[in-house]
Every structure is written in C-alpha cells, then in structure tokens.
Amino acid sequence: MPRRQVSFRILVEECHITTMLSTVVLALAITSTRAALSVDLDSADSIRFAAGLVASKLMDYYHGEEPGQTPGILPGPPPAGPYYWWEGGALWGTMVDYWHYTHSQFYNDLTLRALVYQANPPHNDYMPPNWTASLGNDDQGFWGMSAMLAAETTFKNPPPGQPQWLALAQAVFNTQAERWDTRYCNGGLRWQIPLSNNGYNYKNSIANAIFFNLGARLARYTNNRTYAEWAGKTWDWMEGVGYIDKENWNVYDGGHVEGNCTDINRAQFSYTAAIFVQGCGFLYNYTNGEQKWRDRLEGLTNRTLNNFFLSQPKAGMRPAAMEPSCELEERNQCTTDMLSFKGYLHRWMAQTTQMAPFVRGVVMPVLRESVRSMAESCLPDGTCGFRWNRGQYDGNTGAGQQMNALGALVSLLVEQPEVKEAVTAKNGGTSAGDPNAGREGEVGEWEGESEVITDADRVGAAVVTILMVGTVMGMMIWVSATTGEEEEYARVMRGEKKKGKGRVIERT
C-alpha cells in the first residue's frame, strides 16, 4: 500500500479513536478522586482499555510517517532528539506484544513497515550504514529480537519479496556469531561493532545476553541444535569471565579487553538480567526441562525479582519495578535509554512463565503489584511517569516511560487463555527462514556443528578494509554523533562516562 494511503487511513482511524478515548478519559477524570490511570487488574477488558490509552500516548512520540521523517525510528539521535536507533527496535517489539496480548490491530501496519524499513536491504541484517556511528551488537540485537518476536507470535508476515521475520532474526544471529572474538577474554562479543566506535574495547553483558537470547529462541523455533550450542557456549563464557556470579546470580555490566575482562564493572541493569531469564526459559522448554536450565532459570529469576522490584518498600513507597543503578531514593539519574528498561523487564519475565510454568507462582504476583503501583504513576489519559514506587505521577515523561507502562500492563494478560505461547516452525509458525541469512557467499546448510562460523580474523580484515575506504568520513561522523551522548552519561556516574543503555566505559 502506498505510504500516503497508509498515513491517511491511520489518520482517519486515529481521529475516530482519539474522540472516543477523550470522552472516556474526561469521564474518568471527573469521577476520579485522584489523578491516576483507572484499571481493574481483575478485568482483562479493563487492562486492555488502559493499555490502549497508554499505547496512544506512546505513539505520540513517533513521527516516522510524517513528511521528511524516517520510518521506524524515534526522534534522534541527539541533538536531533533524545533517542538512539536501538530504541526504535525496542518500540516495535513492544507494539508486537501489544497486538499479541490485546489483539488490537490498530498499529500493525506501522509496526510492519517500521521493522522492514530499518532492515537494511538487500543484506537484511539490521546494520544500516547510516547508524554505524552508534551501532553496537546490542543495538542490532534489539531489532533482531523484535523480528524474532514477530515470528513467534505469528504477527502478520511482510509481503513476498520483502525480508521475513525469521530470516531477519537469523541474519542478526549469524552476523554476531561471526564476530565472536576469542583473541581477548577467551571469547564473547564486543559491545560496539565498528572498530572506530568508542566502546569497541568493551565486552559487555547486554550484547552477549541478546546473542544468548536469540540463540535460545532460534533453537526452539527451528529445532536446530546449533543455535542451542551457541547459547550454551555464551552462558559458559559469561560465567567463566565472571559477568554472571554463579554464587548469587547477579549479572554484571562488563569489562575491557585490555584487562582481559577482569576489570568488571559491577553495575546491574534489569533488562540484562531479564534477557537471560527469558533465554533460560526458552532453553528449559527446548530441552524438555533439562535440570541445568531449570537451576539457572530459578536462580536468575529469584535474584532478578529481588534486585529490581521493591518488594518491601519503606513507609509511603509502593512495591514496584525499579532501576536501582540509577533510580536512587534521593534523585533520579537514569538516562533516556535507562528510562525504558522496566517495560522489557515486565514483558520478558511474564513471557518466561509460558516457557517454564514452574516460575509462574513466583513471578506473576510480583508483576501484579508492580502494575498496581505503576497505574498510580500515570494520569487518567494514559500519560505515565517514571517512578512507580511513589504513589503519584512524577511528571518525568517520554517514549521509554510509556513503553514501561504499556509493557507492564500487557504482561498481566499473559495468563489469559487466548494468549498463546511462542510458536515453532512445526507448531503454528508461518515465517520463512534462511539459515544462511546475513552471511556472505554460499556456505551450505547449517546443521549440528557449533564451529561452522568463520573466525575473528575475517571480521578484523573486513573492518580494516572498511576503514581504509572511509576512515576520515567515519571519524567525522563519530565525533559528531557521540559527543552529546558521552556528555549525558558523564553525569550519571562520577569519575566515569557512560555511552548507551547504561554501559560504562573508562574516561579517555
């Protein structure tokens, strides 16, 4: 459908729905004794309605269908807007789940167009060259996880001739497997992809968590054990290097290659832990309940609930999800990226209860109380703040805050009988895959062997070649793109500067 027709239809539908919502919201505001989002947690219809309000306010931040704007991305990067490329991928994953849990198709056309537009044709690997200056393995991976979610939920497939969901997720995984680096720290993925990017010398948990997560989910969807072997290899590396604390199940941020990844930054972030929780759930399901994945899932789940949910609040505070590395009692120092983590935490923990029902009794009561507190942080029209444990709206708004609230609300619908668990290729899946997606040349079928991916030498040679062609231009772009980001993160932790989604790098 031509872009003009899509935009016009959406405009007409949005005007109709906005009028209806405005009438209801006005009634809620008049009858309510406090400024909060009205939602009955015992009513699926009430949750769906509240989610619709929050989704509408979330999409107010998206301008990709407007003339002169780029489909798929939120306004940015700085100074053009506060959001980096990765958060667009996170947005569309949230909207796929919104459709999956509520069955509202209102934003489906936008979601499909956005995920396809940013795929980077003809490579279709979510590595568009115009975002190279801030392209990390985790940034690419967020888009890959959203494509994987679309395949697992049978979100409507793109038309023939366009990249398909499963193949997109496989392309992301394959390109990252080729970047597995054994020269330093005995393995693992670096944070950044281009050599010229600040943070290329940092191997962090979030990049490796996403790779682990995709491997687990691809293994289950395709029934190809190679993906599971890579996921197991990644877990073993995370434990071996000390990023996952085998005694207490903490997941730390990362370390630098110069120190053989021994200078571990012990900051912890909720979305990193939640990605590992979800991945363990998929592997538990894929292996028909293998004990090691049950043990890992149980340990991580308990630690994640203890670390990132205020279950025993002080007087005047509410039990709710929180981001303790930046959401401090006396002040909030979370960056734009960090302001979106709670929504992923809720969504991935809830989805894990489908893959491993034995954690449901522990997870769902905590999520429920968190949603109750979250609703108190929103206005009746669905505009939501960031702090959920204060019992009131804090005025701290943005796309991340709306994704948080939307993710929290839909997470409670996971127990509805019509919400199906993730499908597989042999059990309801319709998305077309390509096991060689993202690779250069013909390498044949990919079955059974864990060491079929080309080694890091090829990657190094490719990077050098690219740099020889465009070093000067790349460095100019990098300086322009990263200066504002570094200044923002420099204020987060004294003596250190941070770049992207909470990761810490040394002051240079």
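Let's start inside: H3, H5 and H11 each supply at least two residues to the lining of the second largest cavity. Helices here are DSSP runs of H or I with at least four residues, strands are E runs of at least two, and both are numbered from the N terminus. A cavity is a set of points on a 1 Å grid over the protein atoms alone where a 1.4 Å probe fits but cannot get out, and its lining residues have an atom within 4 Å of a point.

Before going on, keep in mind that this is a predicted model, in which local features need pLDDT of at least 70 and side-chain atom pairs count only at pLDDT 80 or more, while totals for chains, interfaces and linings use all residues. Residues are numbered from 1 along each chain as its sequence is written, and side-chain values use heavy atoms, with hydrogens and water left out.

Back to that second largest cavity. Its volume is about 70 Å³, volume being the space filled by probe spheres set on grid points that are joined across faces, edges and corners. H3 gives the largest share of the lining, 3 residues. Among the lining residues are Asp 97, His 100, Leu 149, Glu 152, Gln 351 and Lys 420. Sorted by class, there are 3 nonpolar, 4 polar and 4 charged residues; Ala, Val, Leu, Ile, Met, Phe, Trp, Tyr, Cys and Pro count as nonpolar, Asp, Glu, Lys and Arg as charged, and the others, Gly among them, as polar. Domain 1 (44-179) and domain 2 (268-420) both contribute to this lining, so the second largest cavity lies between them. The domain bounds come from an automatic or database domain assignment.

Now zoom out a bit. At least three lining residues come from each of domain 1 (44-179) and domain 2 (268-420).

Next, a couple of individual residues. Leu 91 sits in helix H3 and has 1% relative accessibility, so it counts as buried (under 20% relative accessible area with a 1.4 Å probe, protein chains only). Not counting residues up to four places away in sequence, Leu 91 touches Leu 58, Met 59, Tyr 62, Leu 74 and Met 403, where contact means heavy atoms within 4.5 Å. Leu 91 and Met 403 are 312 residues apart along the chain, yet their C-alpha atoms are separated by 7.1 Å. Over in helix H8 (residues 225-241) you'll find Thr 234, which counts as buried because its relative accessibility is 0%. Leaving aside neighbours within four places in sequence, Thr 234 is in contact with Trp 180, Asn 208, Phe 211 and Phe 212.

As for the chain as a whole, it has 14 helices and 4 strands, and 59% of its 508 residues count as buried.

How far to trust it? The chain averages a pLDDT of 85, with 80% of residues at 70 or above; pLDDT is the predictor's confidence in each residue, from 0 to 100. Over residues 1-33 pLDDT stays under 50, and over residues 441-508 it is also below 50. Where pLDDT is low, the predicted coordinates should not be read in detail.

Conventions: On a 1 Å grid over the protein atoms alone, a cavity is a set of points where a 1.4 Å probe fits but cannot get out, and a pocket is an open set with protein on both sides within 12 Å along at least five of seven lines; lining residues have an atom within 4 Å of a point. Buried means under 20% relative accessible area, exposed over 50%, partly exposed in between (1.4 Å probe, protein chains only).
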